[in-house]
Amino acid sequence: MKKRSYKKYRLMSFISLLTLSVLWVSCGDDDETTELSAENAIVSFQFQGVSGNTGAAIDEVNLTVIDTLPANTDVKSLTPVITISDKASISPASGEAQDFTNPVVYVVTAEDGTNKVYSVIVRLKEEIIITPKSDDNEIDSFVFSEVFIRGEVEGNTVTASVPFGTTLSDMAVSIDVHEKASILPLTSQKQDFSNSVMYTVTAENGDERTYTVQVTVQPQDVGVRGVWLTNVDSNVLNSQAQIEEAVALCDELNINTIFVVTWNKALTTYPSQVAQAITGKNIDPLYAGRDPLRELIDAAHAKDIKVMAWFEYGFAAFNGSPGPILDNTPDHWKSRDVEGNIVVKNGFYWMNAFHPEVQQFMIDLVTEVVENYPDIDGVQGDDRLPACPTESGYDDYTVNKYKDEHSGQTPPVQSKNTAWLRWRADIINEFGKALYDSVKKENVNMTVAMSPSPLSFGYDEYLQDYTSWVEGDYCDVVSPQLYRRESQGIEVYRGLLSSQLNRLSVEDRPIFFPGLLLFLGGYLPSQQFIADMVQSNRKQGVQGEVYFFYTGFTDTKVQEVMKAMYPAKAIYPNL
């Protein structure tokens, strides 16, 4: 009985221990806590397909990811490969293309749910352009600055031709080369160009080029160096003292001819009985009691300067209204257009240049000067003498003359009909010859000069065919008004000059001295443009010019360039 109980006791004890062990183990599992990861960092950040990219710089303090990529990278579509903490996630996801034009926000979420927000910034490297050093060692322009003469650069030679009388021993230059090139001798140093001078231009890369500069002196001019002296925008004729002052300035500038206005605004600047018979006034009232023409002749001749009477208005009766000539003469003195109206062109009312009475009036006016001033050197017509607007010719006298010569046919209604232009231009030419012959009859040594508009404008608009005057030997000096402004450019002037010279034979060119625009309504060209026009003339063999008009000479800058262009007197031509 006792033995059975003991065994039973030992079995129960074992069971109890086993139970307690299980309970202990079970209780231990219920008490243990599992911790989740809080790591949420970007470990590495690199863009796919970007050459040379080694990865971005990660700043954990400021939570920025900054990558600097090549300058030509397209940042609008970049795919990043991102490594993050274990058990973390990231949004946007790695491998997902983004536009990195502006910073992109990435959120890294740890296993435990905590977030870290990064700004990913993409910068582009500055493109480094390695520019090779310039090898430019050319002379772009070479100017003798004090005499305004441009040198011509051809190959390694610079040539220039300066006016007669220019001093070569001490000349200043202005030379343009590449901005990174250097030149020796220095342009700040004047040089003696009596012999050739060598200039060396060194390029930025060290390449050298040597230029030989050769200067020649032009022969002494044999020509007319003239200026028009008017009473518009000028008060020179208002007193003898002012006349003498103007003549002295012309002499200082080596001008050898003055073309003085004697006929404009239906008035004369000298006592005229011819004008008085038509207008009732023998001189412009501004000069009453004086004779400005006489005063000018005396003052100019004392300086060996020629004087020519300039009949500025020619057949233009008046500006702005018919004026005293057309008011005091018969109807046939009036120029008529196809509609029967008095012809008005550019504000000028015109006399009928085709009528013998009107022609004789103009001949009388011109020859009056020749008779009364036998010591005057010449007379000059203008772009209105001999001339008549192409709208003219429809007055009764001219129409009947045309009918008589064309079997009763009336003139064409188109004023610029080719044959009609030619017929009327021939009448103007015949008058020009009659005027020339009348002057020479009074004084065979008197110069007859003309200053027409340039062809073909002069012919198309005013029936002026000056080549016929020259070829017919009834024009001793011709000065077409080649008035071109600086804004048009020197090439425009040169083109016009060439076109006029091409209309003249080589034998006739020595009497060609073009008119240049110097001053008008405030316009005044630069010194260089004046010099360029003069030198353009010389290159064409033209040895003189006439300036419109005197007021420009009073400007000190103009005086400087005139003295540079005309350092010595010209020989007056044998006309």
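**Exercise 1.** Which element gives the largest share of the lining of the largest cavity?

*Solution.* The structure is a predicted model, in which local features need pLDDT of at least 70, side-chain atom pairs count only at pLDDT 80 or more, and totals for chains, interfaces and linings use all residues. Residues are numbered from 1 along each chain as its sequence is written, and side-chain values use heavy atoms, leaving out hydrogens and water.

Step 1. A cavity is a set of points, on a 1 Å grid over the protein atoms alone, where a 1.4 Å probe fits but cannot get out; lining residues have an atom within 4 Å of a point.

Step 2. List the lining: Phe311, Val366, Val379, Gln380, Gly381, Leu385, Leu435, Val448 and Met450.

Step 3. Assign the elements. β24 (378-381) and β25 (447-450) are those that give two or more residues to this lining. The largest share, three residues, comes from β24.

Step 4. Sort by class: the lining has seven nonpolar, two polar and no charged residues. Here Ala, Val, Leu, Ile, Met, Phe, Trp, Tyr, Cys and Pro count as nonpolar, Asp, Glu, Lys and Arg as charged, and the others, Gly among them, as polar.

**Exercise 2.** Is Asp383 buried or exposed?

*Solution.* Step 1. Locate Asp383 in the loop between β24 and α7.

Step 1. Apply the cut-offs: buried means under 20% relative accessible area and exposed over 50%, with partly exposed in between (1.4 Å probe, protein chains only). Asp383 has a relative accessible area of 16% and is therefore buried.

Step 2. Identify its neighbours. Not counting residues up to four places away in sequence, Asp383 touches Ser451, Pro452, Ser453, Tyr462, Gln464 and Gln481, where contact means heavy atoms within 4.5 Å.

**Exercise 3.** At what angle do helix α7 and helix α8 pack?

*Solution.* Step 1. Helix α7 covers residues 396-405 and helix α8 residues 418-442; they pack at an angle of about 110 degrees, with their axes 12 Å apart.

Step 1. Classify the angle: 65 to 115 degrees counts as roughly perpendicular. The helices α7 and α8 are therefore roughly perpendicular to each other.

Step 2. Name the residues that meet: Thr398, Lys401, Tyr402 and Glu405 in α7, and Trp420, Trp423 and Ile427 in α8. By class, this contact has four nonpolar, one polar and two charged residues.

Conventions:
Axes are lines fitted to C-alpha atoms, for helices over the stretch in contact, and angles run from 0 to 180 degrees between N-to-C directions. Helices (H or I, at least four residues) and strands (E, at least two) are DSSP runs, numbered from the N terminus. Angles under 35 degrees count as roughly parallel, over 145 as roughly antiparallel, 65 to 115 as roughly perpendicular and the rest as oblique. On a 1 Å grid over the protein atoms alone, a cavity is a set of points where a 1.4 Å probe fits but cannot get out, and a pocket is an open set with protein on both sides within 12 Å along at least five of seven lines; lining residues have an atom within 4 Å of a point.
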